[in-house]
Amino acid sequence: MRELDELKQEIDRLRLLAQRDPLTGLLNRSAMEEQVNRLLEDEPAGLFVVMDVDEFRYINDQYGHPAGDMALRELARLLGDSFFAPALSGRVGGDSFAVFLPGACAGETAVNKMEHIMGGLARAGEALGLGNRLRVSAGAESAGPGDRFFDLYERADAAMRAGKSERKKALYFYEPSMKQGTDGPGTEDTESSADMKYISEQLRESHIVDGAYCQDYDTFLAIYRFLERGLSRTGIRVHLILISLTDLHGAFVRLDERELLMERLQESIRSSLRFSDIYTQYSSCQFLAMAVCAGRENMDIITDRIEKAFLVREPDRPDIRLSFSFYPLQPIPHGVPAASLFGKRPVEDESRDMCQGTENHE
């Protein structure tokens, strides 16, 4: 009997583990869905709240995934401190969370709790070194007869997305105009506009830095080919610039000085090119830049700015020089495969991508 009891206890323990999100300790998506549906069968009443972390991708990219994990755990802790049993709290996606308050629930109570959570997240963000970046958007919907987990989730999520475009309240309550596909005059245009505004906010750079835009080589190549395809239609002028750091004999600079000098050159390029230009590291002693809306007549001005900026950072180096090569992007003839200018990137054991990990990878 004792062994049977221990086996039952172990089964119960494993069942509980299977229902929990390992990072936050909250219910996982499947357990949340199952338990909400069970409560709705007993009483078709309650308030369903959905929330997700604003700019969570930026937090991961800029501060690292451990910081993102700590942010999620802190949000889970605040949910646990704010919503008590019989309320259910779960992590239902990567940075998405849900709370279900069964039975009659005053909307004002949920608003007050979300305001408390917002304040706690602001303090946690400062403590974690995230500044004022740690915020959530939240939407809510009341349960009615026939509602299931998915119905409530869909409507509360629509309210949350509508709230993201305004960011004025701690909690937004669902209204029929928020749901896609709702009939009514002007509804479709309004909803489409709200959705596109939300999408554009997600795509937009959240941390813009002055100067040219630094990217890894593969991204630079994709942008180059995209611009090349559109030249015949847009008519814009784009020049490719190869910037090489060499000694007086045209050879790459010494290995022991290369890293520091390339950092100085990168700073000079970023500050000298325009906000709309882009550049990448091409080899251990070379950068590639694309000057958008620039012709050959602009090249001397651009290279002169880069040289002067570099001399400010390395004033006493008559033994090194910068050399520049130019190439105007040409429209691809229709039906003719483009012969890529790039080919394979030079491979050098000592080279490194200086654009990796910079502020422009949002």
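Which helix is H116 found in? The residue H116 belongs to helix α5.

## About the model

This is a predicted model, where local features need pLDDT of at least 70, side-chain atom pairs count only at pLDDT 80 or more, and totals for chains, interfaces and linings use all residues. Residues are numbered from 1 along each chain as its sequence is written, and side-chain values use heavy atoms, leaving out hydrogens and water.

Helices (H or I, at least four residues) and strands (E, at least two) are DSSP runs, numbered from the N terminus.

## The sheet

Now for the strands: 5 of them form an open sheet with mixed pairing, in the order β2-β3-β1-β4-β5. Two strands pair if DSSP finds at least two bridges between them. The edge strands, β2 (88–91) and β5 (172–173), each pair on one side only.

Further in, β1 (residues 46–53) and β3 (residues 96–102) are antiparallel partners over 7 bridges. Here M51 stands opposite F97 in β3.
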